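Welcome! Here is a short briefing to read alongside the sequence and the 3D view, arranged by topic so that you can look up each part as you go.

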Amino acid sequence: MPMPARRIAHLDMDAFYASVELLRYPELRGRAVVIGGGSAHQPVPQPDGTHSYSLLRNYVGRGVVTTSTYEARALGVFSAMGVMKAARLAPDAVLLPTDFKAYRHYSQLFKAAVAEIAPEMEDRGIDEIYLDLSSHDEETETLARRLKQAVRDATGLSCSIGVAPNKLLAKICSDLDKPDGVTILTPADIETRIWPLHVKKVNGIGPKAVEKLAGLGLHTIADLAHVDAGLLQAHFGRSYALWLQDVAQGLDERPVVTSSEPKSLSRETTFERDLHARHDRDTLSGIFTALCVKVAEDLKRKGYVGRTIGIKLRYDDFRTVTRDVTLPASTDDAAAIRRAAGECLRRVPLEKRLRLLGVRVTALTPRGAAGDTPGPSQGELSLA
């Protein structure tokens with residue numbers, strides 16, 4: 001019996017964080033809304049049941065946009081943009097604080113709903129998943145719309161789904177008809193639907209590669225499909241050039257990976273203003289301890305222990321340094337993580353002001369695995 005043709009879906013929630021906020025504040029629907037503020041930007045309830053909101057025009061600080069509604073995107077405001085820049089583009093947009101606890105809750109809801117229908121799922125983050133639908137008998141569009149409805153019933157939110165012969169094309173497709181779209185692609189559609197797209201639409205072709213390709217006169221995926229292979233190899237090396245050629249033809253053999261072990265867990269924060277290790281010692285100490293506690297909570301929640309503890313610092317000149325220390329035994333203990341991270345901190349210069357501080361735990365193993373029960377919180381540290 002022949003194997004069924006591959007049907008791989010990429011399901012992407014629409015403006016996920018912003019959409020979760022609109023469930024709480026439906027009066028903001030249709031307005032430009034930006035997520036990326038702090039606790040000071042929490043909406044204030046009014047006596048009449050409405051809320052008073054912070055506006056971007058009043059923002060002062062160094063925060064970064066987490067996401068934005070489609071109305072804000074139409075004004076040029078996108079994720080990873082500085083909030084101050086966003087304020088210049090959309091001064092009347094509403095600014096809301098991030099609430100990752102709520103976003104994780106809705107993420108769990110939509111994934112559980114999808115898994116009831118299509119359990120062969122690869123988790124790609126808080127708001128996107130891949131699904132292998134190859135073994136389903138249901139017609140593709142009917143199945144895709146049933147998945148979308150299950151997400152809406154479970155969360156009240158919309159998503160967009162792309163279905164294609166592989167992960168590469170499915171991810172591109174899920175973005176073509178946003179928001180609330182269904183896009184189905186067959187190999188016969190590659191030339192008409194994929195080739196006209198800009199190369200930056202391909203996951204894996206980053207800004208530097210886009211710039212380099214543009215310098216060679218290659219802007220669309222069709223340009224890649226027709227370029228001489230030798231030219232690509234001369235500028236990108238053999239491996240990446242071969243991958244670019246496969247991309248242009250819509251080829252991708254990667255499987256949907258239904259389970260994976262995390263390599264590390266980390267928490268970091270970018271400060272609203274630069275902090276100095278001496279002048280802002282108490283503030284930094286509190287932030288540092290809180291990061292260690294959160295990483296320990298993440299480890300316990302996910303059922304892991306880790307042996308290598310690390311820190312990440314970014315100075316006010318944007319230079320970034322990291323340091324690691326390896327413990328005699330794995331741990332998920334916040335105090336042990338704090339002590340090890342503190343040991344790392346003593347190995348970096350602290351004369352300059354700091355923009356960012358992070359703590360990470362690597363060398364993870366499942367809690368309770370043979371030889372990997374958490375060690376005592378005291379002990380000698382072995383520097384790595």
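A surface patch here is made of residues with over 30% relative accessible area and no salt bridge, with like charges joined within 9 Å. Please keep in mind that this is a predicted model. With that in hand, we can start at the surface and then turn to strands and charged pairs.

- Lys101, Arg104, Lys294 and Lys302 together form a positive surface patch.
- Two helices, α4 (100-115) and α12 (281-302), each give two or more residues to this patch.
- Arg104 sits in helix α4.
- With a relative accessible area of 31%, Arg104 counts as partly exposed, and a patch residue needs over 30%.

**Strand β9, covered on both faces**

- Which residues lie on each face of β9? Glu128, Tyr130 and Asp132 are on one side, while Ile129 and Leu131 are on the other, and all are buried.
- Strands of a sheet pair through backbone hydrogen bonds, in either a parallel or an antiparallel sense.
- Strand β1 (residues 8-13) pairs with β9 in the antiparallel sense, over 5 bridges. Within this pairing, Leu11 has Ile129 of β9 as its bridge partner.
- Strand β8 (residues 121-123) also runs antiparallel to β9, and 3 bridges join them. Here Met121 has Leu131 as its bridge partner in β9.
- β8 and β9 form a hairpin with 4 residues between the strands, and Gly125 in this hairpin takes a positive phi near 145°.

**Salt bridges**

- How many salt bridges does the structure hold? There are 26 salt bridges.
- One of them joins Asp123 and Lys111, whose closest N and O atoms are 2.9 Å apart. This pair links distant parts of the chain, with Asp123 in strand β8 and Lys111 in helix α4, 12 residues apart.
- Are the two partners buried or exposed? Asp123 is partly exposed at 47% relative accessibility, whereas Lys111 is buried at 12%.
- Arg124 and Glu122 also meet through their side chains in a salt bridge, at 3.4 Å from N to O. Arg124 is partly exposed, with a relative accessible area of 47%, while Glu122 is buried at 7% relative accessibility.
- Asp280 and Arg273 form another salt bridge, at 3.1 Å from N to O. Asp280 is buried at 10% relative accessibility, and Arg273 is partly exposed with a relative accessible area of 46%.

**An open sheet of four strands**

- What is the strand order in the open sheet of 4 strands? The order is β5-β7-β2-β6, and the pairing is mixed.
- The edge strands are β5 (54-55) and β6 (67-68), each of which pairs on one side only.
- Strand β2 (residues 33-37) pairs with β6 in the antiparallel sense over 2 bridges. In this pairing, Ile35 stands opposite Thr67 of β6.

Technical notes:
Residues numbered from 1 in each chain as written. Predicted model: local features only at pLDDT ≥ 70, side-chain atom pairs only at ≥ 80, totals over all residues. Heavy atoms only, no water. Patch = residues over 30% accessible without salt bridge, like charges linked within 9 Å, V, L, I, M, F, W, Y side chains within 5 Å. Areas by Shrake-Rupley, 256 points an atom, 1.4 Å probe, with all protein chains shown as cover. Salt bridge = Lys/Arg side-chain N within 4 Å of Asp/Glu carboxyl O. Lys, Arg positive; Asp, Glu negative; His and termini not counted. Charge placed at Lys NZ, Arg CZ, Asp CG, Glu CD. Buried < 20%, exposed > 50% of the residue type's maximum accessible area, 1.4 Å probe, protein only. Pairing = 2+ DSSP bridges.
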